[in-house]
Amino acid sequence: MFVQLYLSQWREFSRDRMALFFTILFPLIFISIFGLLYSGGSKFDEKVGIVLEDQGPIGPQIASAIEGLTQTREGQDPEENVFSDMKFSRGTASELDAQLQNGDLQALVIIPAGLSDSIMSGQPASVTVKVDQTSQVFAPFFQGVVDNIIASVDQGITQSKPMLTMQVQSVLSSQIRGIDFLIPGILAMSIMQLGLFATAQPMISMRTQGVLKRLNATPLPRWMLLVSYVAMRLTIGLLQTIIIIAVGKLMFDVAILGNIFVLIGWLLLSILMFIAIGFFVAAIAKTEESGNAITQLINFPMLFLSGVFFPVTGLPDWLQVVVKAFPLTYTVDALKQVMINAPPISTPLVNLLVQAGWLIVMTVLSIRFFKWEAR
């Protein structure tokens with residue numbers, strides 16, 4: 001009897017697709033994504049600028065040591081040097097700082113004028129390192145490496161108490177914290193899930209249960225039904241935005257540095273785009289089960305790879321090409337730019353054109369394939 005009950009439980013479990021997904025496939029997705037992000041075989045390919053203003057002997061020594069990170073040590077396997085793909089460039093503080101602000105550089109090392117003279121006269125001096133804090137994997141690693149180089153040079157010169165130190169500056173703001181990076185991503189995620197789960201699934205359910213067919217037989221105009229459907233979800237999207245920002249502001253004092261009207265514009269465009277995607281899913285799904293499978297197939301890759309929780313720059317090059325096809329990538333990028341002045345992945349014009357393109361294409365395809373009756 002026990003064996004029969006045990007086997008019947010297995011049969012019931014194997015028929016539950018949601019249970020199978022969350023107990024088996026979901027952990028595998030996590031392992032794959034974190035493996036891609038943190039596997040030991042990945043290399044840093046970030047670009048770093050160096051401003052060498054010091055004309056004495058110490059500044060060039062520090063600059064050469066940092067640039068030498070790309071060189072493989074004797075006896076070291078080239079594949080084990082995680083810095084071998086990094087690119088270094090020299091220039092003035094103004095031109096390299098502008099590149100850092102535009103996202104063309106991920107870090108900037110400034111070795112100030114007079115540093116050698118200060119150290120030689122027994123006065124403390126510091127090297128400034130500006131790091132793009134959105135590069136959450138690279139930023140702390142590079143800071144630690146430069147700090148070690150400076151400490152090594154200092155030890156070789158002074159051989160006493162440390163005189164040479166490192167000063168770290170964020171390219172965004174000294175007040176930006178991890179939660180400030182997270183809130184725009186959470187906001188984009190909630191907008192996406194509003195379109196996928198709160199738009200597609202109810203519409204599919206209404207069609208399979210015959211509700212749409214009965215409404216279609218009434219004098220109610222179709223456009224009125226669809227407009228009310230979109231308007232209600234647009235309202236929900238704005239309400240959840242207010243709630244998320246209010247909770248972030250009141251509980252964690254999150255920063256909102258950009259223009260609030262520009263933010264509202266991006267939110268409206270993003271909500272309409274994902275509602276259109278939700279309508280397209282509802283148009284092509286024949287049953288609630290197939291609709292659920294399609295929404296999960298769209299949801300999970302974008303949720304974990306579009307920059308909601310992890311920076312896109314931390315992904316392998318080939319995967320960065322893939323995620324640039326995801327609409328959520330441009331929503332996250334636009335919200336982070338306007339909310340915390342994050343370095344851009346794409347320009348605002350590109351973010352606008354891509355999201356508007358998705359909105360138009362999904363709307364046209366939804367109209368083309370939508371059915372009022374179950375198939």
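Some ground rules. The model is predicted, so local features need pLDDT of at least 70, side-chain atom pairs count only at pLDDT 80 or more, and totals for chains, interfaces and linings use all residues. Residues are numbered from 1 along each chain as its sequence is written, and side-chain values use heavy atoms, with hydrogens and water left out.

I start with the whole chain. The protein chain has 14 helices and five strands; these are DSSP runs numbered from the N terminus, H or I over at least four residues for helices and E over at least two for strands. Of its 375 residues, 41% count as buried. Buried means under 20% relative accessible area, exposed means over 50%, and partly exposed lies in between, with a 1.4 Å probe and protein chains only. The chain exposes about 19200 Å², and carbon and sulfur atoms supply 64% of that area. Those areas come from the Shrake-Rupley method with a 1.4 Å probe, and for residues only the protein chains shown count as cover. As for contacts, meaning heavy atoms within 4.5 Å, take those between residues at least 6 apart in sequence: 75% join residues at least 24 apart.

Next, the helix pair. Two packed helices are described by the angle between their axes and the distance between the axes. Helix H10, residues 260-284, and helix H11, residues 288-305, have axes that come within 9 Å and cross at roughly 145°. The axes are lines fitted to C-alpha atoms, for helices over the stretch in contact, and the angles run from 0 to 180 degrees between N-to-C directions. Which residues meet? From H10 they are Phe274, Val281 and Ile284, and from H11 they are Gly291, Ile294, Thr295, Ile298 and Met302. This contact divides into six nonpolar residues, two polar and no charged. Here Ala, Val, Leu, Ile, Met, Phe, Trp, Tyr, Cys and Pro count as nonpolar, Asp, Glu, Lys and Arg as charged, and the others, Gly among them, as polar.

Now the charged pairs. How many salt bridges does a search of the whole structure find? It finds two, where a salt bridge is a side-chain nitrogen of Lys or Arg within 4 Å of a carboxyl oxygen of Asp or Glu. One joins Glu67 and Arg90, with the closest N and O atoms 2.8 Å apart. Glu67 lies in helix H3 (residues 58-67) and Arg90 in strand S2 (residues 87-90), 23 residues apart. Glu67 is partly exposed at 23% relative accessibility, and Arg90 is partly exposed at 43%. Another joins Asp97 and Lys130, at 3.0 Å from N to O. Asp97 sits in helix H4 (residues 93-101) and Lys130 in strand S4 (residues 125-131), 33 residues apart. Lys130 counts as buried, at 17%.

Is Gly195 buried or exposed? Gly195 is buried, at 0% relative accessibility. Leaving out residues up to four places away in sequence, Gly195 touches Ala200, Phe274, Ile275 and Gly278. Gly195 and Gly278 are 83 residues apart in sequence, with 4.9 Å between their C-alpha atoms.

Beyond four places in sequence, Pro202 contacts Phe197, Tyr229 and Arg233. Its C-alpha atom is 8.7 Å from that of Ala282, 80 residues away along the chain.
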